[in-house]
Amino acid sequence: MLPDAKAAAALPFVIGTRAATPEEIAAEYARVDAMAIGRASAFYKMPTSLMLTQQTIDAKLISVLEGFETDLRSQFPHYDALSDGVKMALLDMIYNLGPAGLFKGFPHLVAAIQTGAWQQAAEHCMRRGPSAARNGWTREQFLSAVVGTIKAEAESCLTRIRGRIRQIGNRIFGRNR
């Protein structure tokens with residue numbers, strides 16, 4: 001997912017335990033760039049392939065996800081109040097589609113999220129490309145928010161009922177309970 005050899009050269013690739021040279025990075029980039037696109041990562045790997053350390057990969061992923069969260073907060077001012085499942089679904093989608101692909105390509109989903117219409121969000125989150133299982137997982141994350149909303153509404157209703165029962169009890173018995 002590197003746009004060019006210059007972007008690849010900016011990363012600390014290694015061969016075994018030593019740092020790769022700029023020439024090795026450029027050659028590896030050219031080799032992979034010449035291959036068919038859209039394959040699983042194992043397709044591109046050779047025994048002599050350059051690697052990034054897990055620490056570098058994790059730091060890069062965290063940086064990318066933090067940038068995407070900034071984009072999500074801009075689009076959805078209530079992002080931080082969303083359930084973890086909805087946040088994960090949105091991060092999965094924006095990682096796959098990019099911000100423009102998500103915000104412009106899925107207007108019904110965006111509208112549903114802005115209003116908390118989780119059933120509608122679940123109906124409008126299917127992407128072309130990801131597997132059926134991945135799309136199903138994303139859908140389930142939005143549907144889990146439906147359960148959370150129902151639970152919160154039920155708890156609120158019960159709190160109001162308990163308060164009303166206390167008021168009635170106070171009137172009947174003339175004291176606080």
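Begin by selecting Arg 127 and Asp 92 in this predicted model, where the two side chains make a polar contact of 2.9 Å. Arg 127 has its place in the loop between α7 and α8, and with a relative accessibility of 6% it counts as buried, because buried means under 20%. If you show the surroundings of Arg 127, leaving aside residues up to four places away in sequence, you will find that it touches Met 93, Asn 96, Leu 97 and Phe 106, among others.

Asp 92 is buried at 14% relative accessibility, whereas Arg 134, at 29%, is partly exposed. Taken together, Asp 92, Arg 127 and Arg 134 are linked in a network of salt bridges.

Now turn to the largest nonpolar core, which has 26 residues, and select Leu 72, Leu 90, Leu 109 and Phe 142, the residues with the most contacts inside it. Helices α4, α5, α6, α7 and α8 each supply at least two residues of this core, and α5 gives the most, with 8 residues.

Finally, move to helix α2 (residues 22–33), where Arg 31 and Glu 28 lie 3 residues apart, about one turn of the helix. Their side chains meet in a salt bridge (3.0 Å, N to O), with Arg 31 partly exposed at 23% and Glu 28 buried at 16%.

Note on methods
Residues numbered from 1 in each chain as written. Predicted model: local features only at pLDDT ≥ 70, side-chain atom pairs only at ≥ 80, totals over all residues. Heavy atoms only, no water. Core = buried A, V, L, I, M, F, W, Y, C linked by side-chain atoms within 4.5 Å. Buried < 20%, exposed > 50% of the residue type's maximum accessible area, 1.4 Å probe, protein only. Helix = DSSP H or I, 4+ residues; strand = E, 2+ residues; numbered from the N terminus. Polar contact = N/O pair within 3.5 Å; in protein donor to acceptor, adjacent residues only side chain to side chain. Contact = heavy atoms within 4.5 Å. Salt bridge = Lys/Arg side-chain N within 4 Å of Asp/Glu carboxyl O.
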